[in-house]
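User: I would like to learn how to read helix packing and strand pairing in a model like this one. Could you take me through an example of each?

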Amino acid sequence: MSSEGCRLTLSLTVEVEFKLLENVGAYISGASTDRDQKVVVGITGNTNGLGSWNPERGMICKFQKTDSPGTETWSCCFTSDICQSFQYRYFVAACEETNDEYSDSNMLRILAWESRLKPRNFSIIDYMNNGDKLCLTHVKFGVYDNGTFIQRGWLTNTSELHVRLSATACKFFNPCLSNTAQLQHNMYIACSKFVVEPTFSDEFDADTVLDDRPAVCPEDGSEGTMGLRRVDSQARSVSSPVTPGVFSFTPRNCPHPVLLSTLEINRCCAHRGENTECWGTLYKPGDDVTFYVETSDIENTAIVIEFYRQERRTKSQDTAQTNASPLRLIGCARFGPFEGTYGRKASQILSSKQLPIGDLRVQYLVIHPMTKAPTPSLAVTYQHHWKKRKAVDIGHRGMGTSFLGHSQKSTKKPANNKENTLDSFRTAVQHGADFVEMDVQLTKDHKVVVYHDYEAVVISRKKRGGRLSYLPIAIKDLNYDDLRELKVHHSSVLHEPHTHEKMDEDDLDPIEMQSFPLLRSCFNELDPDLGFVIEVKYPMDFKAGGCEMGNFFEYNFYVDTILREILSFAGSRRILLSCFDPNVCIMLQLKQNIYPVFQLGIAPEYADTRQNDFEHLFWSALSHQLLGVCLESDRLLEVPDALKLAHLHGLVVLAWGEAVNSPEKRAQLSELGVDGIIYDTLNETKERGTLSIFKQKSQASSPEPHGLSLDALHTISVPNFDGARTMQQLAINLGSPEQAPSESNPDDVPSRGVFGPIHVAVMREQVELEKLSHTYSMTSCESITPTTATKPAENLSGVADVASGTGSSTLQSPNKVPPEDQGRMGTGRKNSSSGQRVLPLVTLA
């Protein structure tokens, strides 16, 4: 330690136990010795010297020593203001170049980072007054007083290939190989990654390329020729002749063995295979296995899936012989390169003599880093955070389903407010909803709109007879302006009679009651204390044949577009992401590091076997480190032990469906311990004026200066502030109607410099409108006399950006509150009334 004027030079050290990283799927033998991966330890924090939470601008630590096998100490030195305290986190990253055209960065790939909700805090004053300075400067990576908090990194500069073998993927021609239970041997399955490199000639045959080096003993005991060069930690540099005119599988580097998971209890987390000789896992036909292949060159990546057998030993044999039985190769199947994002491939399983012994069919998913992603930040993450409390109330599509099918109308009452509209969401707020559930998808011009069905209906007039007819049309085939301008109806009208009057009648609904609101409008205009459960719609195949919607958007583009919208406009709002399609859930989890993801299910009508039952759904969620599952309540009440199983494995459980609309069933689910319930008609359970649990907390923790109500005091940053106006002018303006809110221009993205630095206080008063009892209004002023504060509080840094609707402050602010437990600071909001408008407001915390 050294001081320089008012600045102090600090030396911090961190002890990294790489074994802890394996729990999140990051396998590192040792950063100092693993030259192939170029693994480093870094630090980032909330000061400019530490990169302002951007790991690419943070500091790379220096290797100090190896404490024990798998444990290393790293250190860093930097200078800080002597009167300043700062927050920081450590991370482990791989420095590598990339050939992936989808990547925006070629600097650091975060392998793991410290993910506790509150980062580490270093106080210079405490440091100088503490006699034991080592306890303040030396820490263990990810280890805190209240537990271990380590999270896997997200995709930034490499792609990830998931290759899945479903329960029916493998078929051996020899029945003996398919029934390992009756044989005295174990079967193992492993995967090797290769980079395909063409040689001198363009004429080649991918199936003829083999290396003359044997890998392990073939099944028949001969030398064999199945020794394709493996890309794992056991690989060696072997120079073998390459025949001109063929395609060679040649490793460019030697990364770690391919990770895998099996949809079974205790085997569902991504891990290395337990057999270290082949890095394979026990396998029997019928297992559902997924391999996770990281690559920076997806266009030229190929894999080989290998099957091995090993003789079982009895306990007496194990005592007499310490050496394990030899591992013998049964056969292998080659796949790749992989085209597109998602698909299926089939290949024959070939023995060591190149004879077919079975068929193998796989499904693959290619996940690229998010394009045009925001600046990476380690400021905060909620992906694995949930505060245990009573079940939160989640308004289904706001106040419930308003469009009912022909068969539902006899048994169910439609909601009074049109579903998935600003009006429905605002009414849910007034009835104390903690969250609202909404469905989002893309239009033809790639605008993110809130709507449930994949299709809508337009009314057209036939040429002959002038009769009217309904024309179903996909939302993905209409531009956003078309959805607003055309008379678009819900598909439920297909079962209703129609007349000429329906063609001529006008749509007189205010804009907040109209369908297809933009997601960004929901962020900007709804109460910032209201959480969003955002279901990302994506069509799936049915088990009986067919698909919910054909020719849909490509996976990566679709998810990237929706995620960018959320990250840009969510501010500090609580967000939970969900989807029925497990592939979308995987992408939502891997492409960002902030918001938690829930797997929706179960839905046995879908062809994806992960939707077959609760167990498969749970193991799928755990294998991809999702926070929880969102379960169909009718089936859940039939098998209540499924809830205990989910909680036993640390999954948060939300419930949805028809059963939850019954107060008795909701009470039953709450007693069982569900964490949240998504249901219709909140107004039948909660009176108007009920406060959500988050609103109650924000009001209880906020001061009430000068006797003003908490609901009437806010902070606001006003552009072009004019201090000449007085509080008397504000009082005159109270209650005066403003211009009606208009739909946000989808192409206008608020900038960081919209608001000025001066903070003022404004008063808000609710005005009840007789004819619009479902809405309320707020009044505002253009400016008032500034307060005595000349500098914004440090913990409100970036509040102007949040009020303007941008999401950048979410990534930068070190004091962000968890999604299900945040305060009032959030995006700007507009009033609920169609006849008034207010400035964006942010409450004092």
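Predicted model: local features only at pLDDT ≥ 70, side-chain atom pairs only at ≥ 80, totals over all residues.

User: Which other strand pairs with β8, and in what sense?

Analyst: In a regular strand, side chains alternate between the two faces of the sheet. Here strand β7 (residues 85-95) pairs with β8 in the antiparallel sense over 5 bridges, and within that pairing valine 92 has alanine 112 in β8 as its bridge partner.

User: Is β8 buried or exposed?

Analyst: Of the 7 residues of strand β8 (residues 108-114), 7 are buried, so the strand is largely enclosed by the rest of the structure.

User: Turning to helices, how do the axes of α10 and α11 cross?

Analyst: Two packed helices are described by the angle between their axes and the distance between the axes. For helix α10 (residues 555-569) and helix α11 (residues 582-590), the axes come within 10 Å and cross at roughly 50°, which makes α10 oblique to α11. The crossing of α10 and α11 is right-handed.

User: Which residues of α10 and α11 meet?

Analyst: From α10, the residues Tyr555, Asn556, Val559 and Leu563 meet Asn583, Val584, Met587 and Leu588 of α11. Sorted by class, this contact of α10 with α11 has 6 nonpolar and 2 polar residues, and no charged residues.

Terms used:
Residues numbered from 1 in each chain as written. Heavy atoms only, no water. Axes fitted to C-alpha atoms, helices over the stretch in contact; angles between N-to-C directions. Helix = DSSP H or I, 4+ residues; strand = E, 2+ residues; numbered from the N terminus. Parallel < 35°, antiparallel > 145°, perpendicular 65-115°, else oblique. Left-handed = near helix turned anticlockwise from the far one by under 90°. Contact = heavy atoms within 4.5 Å. Nonpolar A, V, L, I, M, F, W, Y, C, P; charged D, E, K, R; others polar. Buried < 20%, exposed > 50% of the residue type's maximum accessible area, 1.4 Å probe, protein only. Pairing = 2+ DSSP bridges.
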